[in-house]
Amino acid sequence: MLAGALAFATEAAVERGPDHAHGKSPIRLPGVLTLVLATLLADTALGVVDVALIAFSNLRGSPAAGGILLALFAGGSVLGALAFGARNWPGSPSVQLAAITATATVAMTPLALAGSILVIAPLAVLAGAPSAAQWAASSVALDRASGGAAGAEAYTWLSTANAVGIALGSAVAGACVEAWGTPSAFLAGCAATALATALLIARRSTID
């Protein structure tokens, strides 16, 4: 993140965005609102995974494995982002985003069935694959939904939804683990991404 911030800060070609001081806030645009809500739901699953993988390791007597599982999840995210950025995928931004979010639901489901560290390790890579691609697709869709205007403010709303979603997911996962165990937490994450997918499909017209 530091390297990326420094590279961005040293970029010479900076173009001033349009002045919208007297216009509508981007959050009032239907497409931006759709993406903010979908991001909040989808990133709730990320918060779930952060807690549930650690709990899974602790409950099996291998606390140190929690860090490895999170690293594998992050590695899967990198691989997924590279695959997404390596080619031009068919469909509009809303279609791509809905497809990625649906894939995240499917990819996370096997985590609830894992019974050992060795089994869940490769599944963590698979579950992580859609996460960064989902964020990239959301950013592309956001530019279209905002009409290319007020990008900074609109992106701030998206980043806020990301942070709130992760915090909410962490709380949900903790409650689920305490009450019913780690499978219920992973299933809660799947439910969140499924709801995000349904929202994106139902409100597709607001983005495109």
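## What counts as a pocket

On a 1 Å grid over the protein atoms alone, a pocket is an open set of points where a 1.4 Å probe fits, with protein on both sides within 12 Å along at least five of seven lines; a lining residue has an atom within 4 Å of a point. Grid points are joined across faces, edges and corners, and a volume is the space filled by probe spheres set on those points.

This is a predicted model, where local features need pLDDT of at least 70 and side-chain atom pairs need 80 or more, while totals for chains, interfaces and linings use all residues. Residues are numbered from 1 along each chain as its sequence is written, and side-chain values use heavy atoms, leaving out hydrogens and water.

## The largest pocket

Let's start here. The largest pocket holds about 260 Å³ of space. Its lining has 13 residues, with F84, W89, I100, T103 and A133 nearest the centre. Two or more lining residues come from each of α3, α4 (93-108) and α5 (117-145); helices are DSSP runs of H or I, at least four residues, numbered from the N terminus.

Among the residues lining the second largest pocket are D43, F73, W135 and N162. Helices α2 (30-59), α3, α5 and α6 (151-180) each give two or more residues to this lining, and α5 gives the largest share, four.

## A look at L79

Where does L79 sit? You'll find L79 in helix α3 (residues 65-85).
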